[in-house]
Amino acid sequence: MKVTKINELFAKFGFFQIKHRFLFLIGLLIFTVISSAGLYRLKLDNGEDDWFDDWETTKLNQDHFEDIFGSCDSVIAFVQADDVFDPEVLEMLGRLGKRLENEIPYASSVTSLVNLSIPVGSEDGFEVTNPFEDGIPSDPKVLQEKKDFILSRESLVNALVSADATETFLVLNLEQYSENLETAMNKITPPAMAIFNDPEFKSDKYTIRPAGLSYTEYEEEQAMGNQCITRITIGFLVMVLCLILFIRSFRGVIVPALATVFGITSMLGLSAWMNIVGNTVMIVLVVLLAMALAVGYSVHYINSFKMAFRKTGNRRQSCIDGIRESGWAILFTVITTMGGMLSFYASGLRPMRWVAGISAACVFGVYLYVMLLLPIFYSFGKDRQPDPVASREGSTKADLRIADMGEHILNKKWITVIASIAIIAVCIPGICKIKINMNYSDMMGEKTPYIARLMTIARSQLGSQYGYEVLIEYPEENAIKNPQVLKNMDVLTERIGTLRQTKISNGKPRVSSVTKIIKEMNRTLNGDSPEAYVIPDDQELTSQLMFLYEISGGTDLYEYVNEDFSAAYLHVEMHSYEAESCVSDIAQVEQWVKELFPGTITGGVVGEVMQYAAMNGKLVRGSVKSIGTSFLIIFILLLFAFMSLRTGFIAMIPNAAPVILIGGIMGYAGVCLDMITALIMPMILGIAVDDTIHFTNHIKYQFELTGNYRKSILNSYREIGKSMIMTTVILCAMFAVFLTSSMSALVRIGYMSVIGMGGALVADYTLTPVLMLITKPFGKEKN
């Protein structure tokens, strides 16, 4: 179908819309009130569990581990001091432990220097004792003896306390909670924060840095919430500023702003009515994208209206002409943008599927409000005389200058082609350098206060950033008491200590298991000889050691084994998270488990790092699928729009260019692909195609009128070239809001989006018209 015929259909709808404008306004008002009422039900989440379906192996293994050993959660206080055995530090640890145990929900037990269970020899054989059970001694000599004793325990040194006694941990172990993490952390963290911030625990003698799963998840949610509110607020102000700058009329600012707000709130409200849970991080991107596109649609329509109004002076007819000139192009850009967003469904990842649905809905929502409200409100007012200053067909001086620039571009068409090929050739090797790394600390960045604190802990002697558990489960009871199994656990510990990602504290791998308790007991029963810090060869003896430890008051045994001794685990701490090394390390550990523990029914790696490793694989596959799907969807839509394979292919080239440019820059700049940056390429493709469609559609429309390619292209430069620049500037300004964020991933998506959309405009201004002129996709020229 010819563009002229399609435009006439839009003109007929525009006439109907203006004629029944009050009915449209009433209908929109009713729809807005009903849909927006659902906003109070809107729920946002940012949990890693969203990346996994209930049937997936990673989630099943994690759930099975927690069924056996209970909660992996705890509240941790990392303490640094000149000497953690200073009486003031020890007294603080005692008070802090008591307050946490008494005031924090789900508190189970406290482990710290003043809450220890250490086996020691006695007249009756041995006993499990706490060196500070009777309080902190005032005698320096007695205190030094206790310090020396604790530092002589291999199971404690460089695990609970550093060898130089400058670092230690206080750990509040938590019981398994029945609620989900979000509910539990809202109960656990606020009182914990109040305790840590109490002046009682501030001193020049020590520094306390809190951590723990629920604690840091709560801080992350708070930080994300603040980022969300701040970025959206700044984005709205930028949107209003852009409207003031480019539209310069009260009506042209207020109506698009209201259309944007109503479009976004209506779609989010409808999703809330449908009980769809959103993502805290992604919603910022969705809202800013919808804002930017709403302003872009507004600019295209208002410029078309103004050009017609300057020419005719008839307000109502100019509103209809504005719909005629821009309606089909805007609608088709909405469809292609929605197609680009919906490509995220192909990723198979829950958060990205949510982005796909809600972003497509918001794009359609703001389009609906913009294209209904703008013509209606612009139809109110008086007619006026045609503008005598405006030249050809209502063009301004700026329009004519853009047409002159287009003339120069067409005269240098082969330079444009060669330069484009050269840029693409340079960028392709960069794409091959892109790495996948789902590292939350890197995504958030150290400008975020809680991340800076966690990284300080991670870089210390004892602290770590991530960790994982190695589960060993046999079908029969008491299998863990087998000395060979216990010795193989130590062998596995030594091997894990050689891996790149394992945390090493003063030469000691940060791997803990039940073997440390058994070896400590064996040493105690053998005159406290360091040579006896080994696993005995006799199973009856190992069983006896565990039994004696338990009946003597030891509390740590069942942290690492289950009650029937059929399952145990090793806890491994990591100094950092580097995706490729981590995946390699996990594969190696699972191979060693199969080698050292034959006959296990379950054996392998579980925990946070396993989830991240699985996410990396999902992200690679999901990103490739979504990018490929977005290309396919947009190509099919272009074929449908222009009913020509050649035209569709030509229109795709300028859109692929900015995606290749972004990929090249990411690779060369070392920007990793994560859950945020994975959105950039399909999103840019969905947005970049807008200007291509506007430009190509207008060239085709002009060709139907003139029959001359050069004239059609120059007319298109003159009539919509300014709108293309304005919409790109607005989009870049909106995404530049991310540059003010303290969150590293948002900063990266900010400058990558600005580069991508700027590159898309350059490609549309140069490559699109040049390819049209060279290939002549609409047929032969008319005489």
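C427 is buried, with a relative accessibility of 8% (buried means under 20% relative accessible area, exposed over 50% and partly exposed in between, with a 1.4 Å probe and protein chains only). No disulfide, defined as a pair of cysteine sulfur atoms within 2.5 Å, turns up in a search of the whole structure. C427 is accordingly in no disulfide, and the nearest cysteine sulfur, that of C432, is 12 Å away. C319 is buried as well, at a relative accessible area of 0%. The model is a predicted one, in which local features need pLDDT of at least 70 and side-chain atom pairs count only at pLDDT 80 or more, while totals for chains, interfaces and linings use all residues. Residues are numbered from 1 along each chain as its sequence is written, and side-chain values use heavy atoms, leaving out hydrogens and water.

C319 also takes part in a helix pair, for it belongs to the α10 residues that meet α1. Helices (H or I, at least four residues) and strands (E, at least two) are DSSP runs numbered from the N terminus. Helix α1 (residues 3-19) packs with helix α10 (residues 315-342) at an angle of about 130 degrees, their axes lying 8 Å apart. Axes here are lines fitted to C-alpha atoms, for helices over the stretch in contact, and angles between N-to-C directions run from 0 to 180 degrees. The two helices are therefore oblique to each other; angles under 35 degrees count as roughly parallel, over 145 as roughly antiparallel, 65 to 115 as roughly perpendicular and the rest as oblique. The α1 side of the contact (heavy atoms within 4.5 Å) includes F10, G14 and F15, and the α10 side includes I323, G327 and W328.

Attention now turns to a sheet. Four strands form an open sheet in the order β12-β13-β9-β14, with antiparallel pairing; two strands pair if DSSP finds at least two bridges between them. The edge strands, each pairing on one side only, are β12 (511-512) and β14 (602-606). Strand β9 (residues 466-473) runs antiparallel to β14 and is joined to β14 by five bridges. L471 has G604 in β14 as its bridge partner. Helix α16 (residues 483-496) packs on the sheet, touching β9, β12 and β13 (567-574), and its direction makes about 15 degrees with that of β13.

Overall, the protein chain holds 24 helices and 14 strands. Of its 783 residues, 57% count as buried, and the C-alpha trace spans about 115 × 50 × 45 Å along its principal axes.
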